[in-house]
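Have a look at the structure below, and keep the viewer open while you read. We'll walk through it one step at a time.

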Amino acid sequence: MSAVDITGLNVWRGEAHVLHGVEFNVPENGVTALLGRNGVGKTTTLLAMMGLLPATGSIEVGGEELLGTPTHLVARRGIGYVPEDREVFAGLTVAENLRLAERPDEEHRYDLVYQLFPDLQARTEQAAGTLSGGQQQMVALARALLNPNRLLLIDEPTKGLAPIVIEHVVEALVHATSNATVLLVEQNLWVAAHLARSAIVLDHGEVVYAGDMEPLATDPALAGKYLGVEVR
Amino acid sequence: MSSFVLYTATGLGLAGLYFLLASGLSLIFGLMNVLNLAHGAFFAVGGYAAWWVMDSIDAVPSGPRFLIAVVAAAAVGIVSGVLVERGLIRRLYGHHVDQILLTIGLGIAAVALMGAWFSYDPRLLTQPDWFIRTTNIAGANVPNSRLLIFGVAVLFLVGLLLFLARTRHGLIIRAGVENPSMVRALGIDVSRSFTLVFAVGGMLAGVGGALGAVYFNGVSPSLGTSQLIFAFIVVVIGGLGSVTGTAVAAVLVSLTQIYVNNYLATGMGSVSVVVLLALVLLVRPQGLMGKALA
């Protein structure tokens with residue numbers, strides 16, 4: 001059984017029709033990469049899943065329909081969201097950012113979070129806006145990992161980070177996602193290949209590839225065709 | 001020197017009123033992007049609540065009676081805030097033009113209703129004797145009411161800052177001012193905080209109205225609307241959504257107004273405040289304390 005079943009998903013942003021009847025499944029456990037060129041609707045897909053954009057169609061998670069559910073209730077169903085550009089609360093401290101993420105009546109896994117990101121433990125009283133990009137990404141990931149979520153939606157966790165920081169974030173992601181179901185949007189093919197088993201490729205608001213990650217990562221022709229990138 | 005002390009004390013009293021009116025406006029705009037042009041009505045309603053208590057409950061000595069009057073004004077402010085948010089504004093989040101039309105209309109209707117009910121003539125407030133007596137500060141005889149208004153405003157400022165810094169509701173409001181969508185995405189129902197912020201804003205304005213009735217020696221239906229423009233200027237100068245910024249701007253605006261009126265030319269005070277606003281907008285368009293809270 002798949003963790004996520006999306007059928008006939010249509011999303012408009014203002015006048016623009018961004019997703020045209022998108023259909024795909026995310027298998028239980030493991031990372032599925034959501035790939036495609038800039039502006040094909042990857043972030044839009046995640047925003048629609050979180051109820052942050054109006055959409056039509058169907059988004060089932062664990063057999064329950066998500067579409068039409070208010071955003072805060074989507075999150076309470078056990079869906080952790082790590083947005084593009086991190087969106088940490090800049091005026092709040094690291095500890096406050098995490099405390100805000102604590103969902104009532106759930107386990108709060110501070111041990112896990114601080115084990116993955118020891119940097120954060122040393123900076124709990126620092127305003128999140130004064131952290132480096134990599135540290136802000138850790139805060140954004142930590143917020144999603146604090147509660148035991150059944151599904152993680154992670155949007156470009158390595159965007160704008162230096163290569164050395166990317167390695168650190170990927171390492172943390174490998175640990176963090178080892179027992180979770182993750183839908184990962186990632187522009188960096190190396191990162192996607194490192195983390196994901198399966199892949200979905202969007203183009204012009206439609207799914208053009210759904211299957212294993214490996215062929216995309218190893219076959220230059222395939223990667224070039226779908227992603228417009230060259231694989232070294 | 002003594003006149004300077006007197007002007008300063010008067011200015012600080014006025015600053016207290018501006019803060020109480022403007023801090024709610026600032027939080028409401030910061031969190032919900034709602035420009036509440038009916039906020040002055042909360043102020044006037046609080047003034048009338050205080051007037052009614054002072055006028056009717058003769059059995060209680062005037063000192064404790066004023067305390068009851070402030071509590072009543074706060075309660076009426078809270079109820080007004082909650083009713084306006086739940087009953088009207090809630091349907092219009094994201095529709096800015098509709099909100100502005102609604103709150104302008106609500107403000108006008110509230111003034112007309114209060115005028116019909118209480119008449120447009122000012123109702124004089126019975127004040128405890130202590131308010132009218134003076135305290136000698138550096139040779140100036142400062143009316144105690146000015147000190148009281150400023151003191152109460154400081155208490156509410158400290159209370160509000162503690163509430164924002166120490167409670168989970170406060171945490172949600174501070175985060176919501178920055179990014180309400182992300183707060184929702186963490187599983188928090190921000191709209192509950194919207195009602196809370198309207199309640200807090202209504203309470204602060206209601207208390208402001210009770211103290212305003214003391215400062216202006218009475219209550220009339222336009223008590224709040226006449227101050228609302230200055231409150232907006234305070235909000236913009238302080239930085240939208242910043243409570244500390246609002247407090248600093250309230251003092252800046254009221255002192256400018258009082259000093260200019262008394263040292264330069266009577267009536268120029270209001271003009272000077274607009275000049276101050278223009279200067280701040282030129283140099284620091286985001287206001288003194290930007291969008292970061294507390």
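At what angle do helix α7 (residues 168-178) of chain B and helix α9 (residues 190-215) of chain B pack? This is a predicted model, and in it the angle is about 100°, with the two axes 10 Å apart. Angles of 65 to 115 degrees count as roughly perpendicular, so α7(B) is roughly perpendicular to α9(B). From α7(B), the residues that make the contact are B:His169, B:Ile172, B:Ile173 and B:Gly176; α9(B) brings B:Val190, B:Ser193, B:Leu196 and B:Val197. Sort the residues of this contact by class and you get five nonpolar, three polar and no charged.

Now turn to the other partner of α7(B). Helix α6 (residues 144-166) of chain B has an axis that comes within 5 Å of the α7(B) axis, and the two cross at roughly 85°. These helices, α6(B) and α7(B), are therefore roughly perpendicular to each other as well. Here B:Phe163, B:Leu164, B:Ala165 and B:Arg166 of α6(B) meet B:Gly170, B:Ile173 and B:Arg174 of α7(B). This contact does include charge: its residues are four nonpolar, one polar and two charged. Notice B:Ile173, which takes part in the contact with α9(B) and also in the one with α6(B).

What about the other chain? In all, 16 residues of chain B are in contact with 19 residues of chain A. On the chain B side, the elements that give two or more residues are α7 and α8 (180-185), and α7(B) provides the largest share, five residues. By class, that side of chain B has nine nonpolar, three polar and four charged residues.

The largest nonpolar core has 176 residues, and helix α1 (residues 2-32) of chain B gives the largest share of them, 17 residues. Those with the most contacts inside the core are A:Leu153, A:Leu184, B:Tyr18, B:Ala50 and B:Val234. Take B:Ala50 as an example: leaving aside neighbours within four places in sequence, its contacts are B:Ala69, B:Val70, B:Ala72, B:Ala73, B:Leu125, B:Gly209, B:Ala210 and B:Ala213.

Finally, a word on confidence. Chain A averages a pLDDT of 92, and 98% of its residues score at least 70. Within chain A, helix α3 (residues 94-101) has the highest confidence, at a mean of 97, while helix α10 (residues 220-227) has the lowest, at 84.

Conventions. Residues are numbered from 1 along each chain as its sequence is written. Chains are lettered from A and ligands numbered from 1 in the order in which they are written. This is a predicted model: local features need pLDDT of at least 70, side-chain atom pairs count only at pLDDT 80 or more; totals for chains, interfaces and linings use all residues. Axes are lines fitted to C-alpha atoms, for helices over the stretch in contact, and angles run from 0 to 180 degrees between N-to-C directions. Helices (H or I, at least four residues) and strands (E, at least two) are DSSP runs, numbered from the N terminus. Angles under 35 degrees count as roughly parallel, over 145 as roughly antiparallel, 65 to 115 as roughly perpendicular and the rest as oblique. Two residues are in contact if their C-beta atoms, placed from the backbone, lie within 7 Å. Ala, Val, Leu, Ile, Met, Phe, Trp, Tyr, Cys and Pro count as nonpolar, Asp, Glu, Lys and Arg as charged, and the others, Gly among them, as polar. pLDDT is the predictor's confidence in each residue, from 0 to 100. A nonpolar core is a set of buried Ala, Val, Leu, Ile, Met, Phe, Trp, Tyr and Cys residues joined through C-beta atoms within 7 Å. A residue is buried if 20 or more other C-beta atoms lie within 10 Å of its own, exposed if 12 or fewer, and partly exposed in between; C-beta atoms are placed from the backbone.
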